[in-house]
Amino acid sequence: MASLSLGLNFSRKKTMAKNAAIERKNLITVCRFSVKTLIDRSCFETIDDSCSEFTNFAAILEQVLSHRLKGQINWFGYESPRSFWDFIRVACSKVPHNCISSIENMENVSSSRAKGRAWIRVALMEKRLSEYISTSLRDIKTTRRYYEDGAIVLGEEANMLAGMLLGLNAIDFSFCLKGESLDGNCPAVIDYTPYLKFTQSSESISSDEEELRTLGSSGSEGSTPENIGPPFITDEHSWYNKCKRVEQKFRLALEQKGYLEELVRLREAQLAESVAQNKIVLQQMEETDLNHKLEKEQLEFIILELQDQLHSFQSLEQLSAEISLSSTSLDPLHPQKEGKEDTPSLLGLCGSLTSMTSYKSLTSLKSSEYLASPNAEINSPGLTPF
């Protein structure tokens with residue numbers, strides 16, 4: 001018995017899940033059909049509350065947004081029905097420059113359902129219905145708080161809903177927010193008859209014609225198939241329907257062509273802007289590379305110059321050391337001990353000459369203007385040998 005009850009529960013859950021999936025699919029399909037018919041109607045007349053296509057679309061959208069909406073628990077623990085406006089009011093509050101506060105302050109709209117219907121009309125006139133829906137669906141935390149599992153707004157159909165509503169931005173809507181259409185006491189009812197279509201096959205049509213001919217010939221022997229009216233009427237009616245379908249397809253293709261041309265123009269403008277920006281970036285990169293090369297050449301020149309200066313400093317130190325050694329060895333007036341004592345002072349003098357502040361004096365000393373050669377020191381009167 002336990003296994004039987006588990007099996008029944010499993011089959012019941014499976015059936016409920018299947019029915020919920022069929023319900024979601026039906027609502028999304030009908031919503032897509034209503035959007036298409038609304039776009040077709042907008043080519044011939046202005047869309048307002050008197051348009052039957054819009055009335056049906058508003059009812060379908062209301063049913064979609066109310067699908068598996070959680071009820072509100074009151075103080076006594078009972079669950080009361082809730083309108084989709086309660087969800088939209090919270091989820092769309094983050095949309096910049098939204099119309100939520102203006103709808104809340106409307107005087108002639110009091111019930112939650114009426115405010116939701118007014119929001120649909122205002123969002124369509126603002127051409128922002130898709131933006132509102134997309135923003136609300138991205139708020140997963142708020143959506144799960146207001147909807148049960150299996151709702152359309154929590155499934156994969158939610159992205160399809162936001163995409164199909166984007167085409168309504170091309171329509172100019174005109175609504176009066178004080179009419180009977182905002183009455184929150186009347187529930188939304190969907191009219192499925194405009195979207196029901198029965199296509200009769202060619203075999204079925206031929207069999208119907210043969211049956212009509214048979215009935216006509218059995219009724220009067222003198223009658224001929226040429227005198228039978230219904231087949232010709234049926235054939236004429238079928239050609240008329242075919243012509244209407246071709247015209248509708250042509251109109252739809254023309255609208256798609258205009259949409260694609262506008263999209264191509266927009267993409268071409270974006271491409272031209274990107275190409276211009278790319279040229280600017282390439283020019284900046286070339287200028288940067290040129291500046292880097294110039295800086296590199298300047299740094300290499302400075303390094304070479306510093307290396308030459310360092311080499312000059314080393315040669316000057318070596319020359320000063322040789323001069324001090326030659327002066328010490330050629331001075332006979334002082335004993336060797338005094339020469340050793342004078343050597344550090346000479347070395348200190350040479351060391352001071354190699355500093356950065358005495359570089360100019362070193363160059364002048366190098367030109368033998370102030371430093372005498374060893375031969376000149378020997379021939380001077382003060383250095384004459386005994």
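Which helices do the buried residues of H3 pack against? They pack against helix H2 (52-65), helix H4 (100-104), helix H5 (112-126), helix H6 (129-138) and helix H7 (140-146). This is a predicted model, with local features needing pLDDT of at least 70, side-chain atom pairs counting only at pLDDT 80 or more, and totals for chains, interfaces and linings using all residues. Residues are numbered from 1 along each chain as its sequence is written, and side-chain values use heavy atoms, leaving out hydrogens and water.

**Helix H3**
- H3 spans residues 84-91 and is mostly covered, with 6 of its 8 residues buried (buried is under 20% relative accessible area, exposed over 50%, partly exposed in between, with a 1.4 Å probe and protein chains only).
- The buried ones are Phe84, Trp85, Asp86, Phe87, Ile88 and Ala91.
- Helices here are DSSP runs (H or I, at least four residues), numbered from the N terminus.

**Glu62, tucked into H2**
- Glu62 sits in helix H2 and counts as buried because its relative accessible area is 8%.
- Its side chain makes a polar contact with the side chain of Arg117 at 3.1 Å (a pair of N or O atoms within 3.5 Å; within protein, one must be able to donate a hydrogen and the other to accept it, and residues adjacent in sequence count only if both atoms are side-chain atoms).
- Setting aside residues up to four places away in sequence, Glu62 touches Phe84, Arg113, Arg117 and Ala188 (contact is heavy atoms within 4.5 Å).

**The nonpolar core**
- The largest nonpolar core has 59 residues, and Phe54, Phe57, Trp119, Leu129 and Leu165 have the most contacts inside it (such a core is a set of buried Ala, Val, Leu, Ile, Met, Phe, Trp, Tyr and Cys residues joined through side-chain atoms within 4.5 Å).
- H1, H2, H3, H4, H5, H6 and helix H8 (157-164) each supply at least two residues of this core, and H2 gives the most, with 8 residues.
- Beyond its neighbours within four places in sequence, Phe57 contacts Ser34, Val35, Leu38, Leu124, Leu129, Leu165 and Leu168.

- Thr46 is in the loop between helix H1 (2-42) and H2, and it counts as exposed because its relative accessibility is 52%.
- Thr46 and Ile171 are 125 residues apart in sequence, yet 8.6 Å apart in space, C-alpha to C-alpha.
- Not counting residues up to four places away in sequence, Thr46 touches Asp172 and Ser174.
- Leu299 lies in helix H10 (residues 229-330), and its 52% relative accessibility is why Leu299 counts as exposed.
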